[in-house]
Amino acid sequence: MFNIVLKKNRSLGWSGSLTSSLQQQTYTGNSNSVTINYQNEKLRSSLKLRQNKNEKHSYENYWIEGADGLKSNDNRRDFGDGLGVNLSLDYQLNKKSNLGFIYDFGFGHSNMDIRNTSNYFQNGIYTNTLLTDAEHRATGRQHTASAYYDLKFGKQDNKLSITGNYFSNTPETTIDFTTTESSGDRFVVKSPSMVDYKIYSGQADLTLPYQFAKTEAGVKFTNFDNNSSIFYQNLMNGQYITDPLKSNEFEYNEKNYAAYISFERSFNEKWSAKAGLRYEYSVVNGNSLTSGQQTENSYGKFFPTAYISYKSNENHTFNLNYSKRINRPGFRAINP
């Protein structure tokens, strides 16, 4: 007689969690999240809701020495909040392939109240003081979406991965500030800005674990769009008048095409090496709607990578590496 007992897979079905945290900086902040999971033999899914609120007080001081000297300090209060949702799905088509989708949406405020005092000097002699009270009010919306497909094939578990990504952020910011000089002159300024930037990307990666070397190859395309409208407005006779010399509407687009291949091999238990080559071609277009100036640029570059590793024993490993990289500017730097 046989008594066969089948154990239930506890990871299948519904599950959930609730997380709450309290953070004490200068002021008290909090964050909360709720996660609901569902899983069966083929599908894994998760839904997460999140919320946060934060506030802090900080001081910043800096001092510039020289012919044109400056002593400045900020008394700043930062406060903000946010809401978000994240949905992820992963479905197994068969033993060799699966596809998935991830979506995330975030909405929040990022605010600052700042009092700045700046003392100016000429060759060490005091000349003027500017006292500025500023209010930063920013609202942001972020969307992120990713879809992927993974396939294993062949006797050696060759793998193909295809991924598509989308990201967008549309922050809207208004800065109201009042500056008073030591002479008594007073300036009231409003600086509203709207930024809309999006990133699209798609890539395919192939892994071939040959006996002579593990081979990896892939291609990728990325498109960046950044459209900015930044205005500087002076309060004159009860009305805000836009200063065209300090305002700017700007469109920026960058397309990157990339391809790579690499080989990795372990010669024995002590020696291993890897070598790869990546090529990137970029097309950049900047258009200032305010000045009517348009700039175009394109360039292509190779980026080699190589390393060799020697493991003398379990406690000591020696590595020799070479790589060439490129650093691209952030969105704050590509708008003149």
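The structure is a predicted model, so local features need pLDDT of at least 70 and side-chain atom pairs count only at pLDDT 80 or more, while totals for chains, interfaces and linings use all residues. Residues are numbered from 1 along each chain as its sequence is written, and side-chain values use heavy atoms, with hydrogens and water left out.

Serine 72 sits in strand E4 (residues 68-94); strands here are DSSP runs of E with at least two residues, numbered from the N terminus. At 4% relative accessibility, serine 72 counts as buried, the label for anything under 20% relative accessible area with a 1.4 Å probe and protein chains only. Leaving aside residues up to four places away in sequence, serine 72 touches Glu60, Asn61, Tyr62, Asn116, Thr117 and Ser118, a contact being heavy atoms within 4.5 Å. Two of its partners are also held in side-chain polar contacts: asparagine 116 at 2.9 Å and serine 118 at 3.3 Å. A polar contact is a pair of N or O atoms within 3.5 Å; within protein, one must be able to donate a hydrogen and the other to accept it, and residues adjacent in sequence count only if both atoms are side-chain atoms.

Asparagine 116 belongs to strand E5 (residues 97-122) and is buried too, with a relative accessible area of 14%. Its side chain pairs with that of serine 118 in a polar contact of 2.7 Å, and it also reaches the backbone oxygen of asparagine 73 at 3.4 Å. With residues up to four places away in sequence not counted, asparagine 116 touches Ser72, Asn73, Asp74, Leu130, Leu131 and Thr132.

Now for the pocket. The second largest pocket holds about 290 Å³ of space. On a 1 Å grid over the protein atoms alone, a pocket is an open set of points where a 1.4 Å probe fits, with protein on both sides within 12 Å along at least five of seven lines, and lining residues have an atom within 4 Å of a point. The volume is the space filled by probe spheres set on the points. Its lining takes in 17 residues, with Gly276, Arg278, Phe303, Thr305 and Arg325 nearest the centre. Strands E13 (248-266), E14 (271-288) and E15 (294-313) are the elements that give two or more residues to this lining, and E14 gives the most, with 6 residues.

Notes:
Helices (H or I, at least four residues) and strands (E, at least two) are DSSP runs, numbered from the N terminus. Buried means under 20% relative accessible area, exposed over 50%, partly exposed in between (1.4 Å probe, protein chains only).
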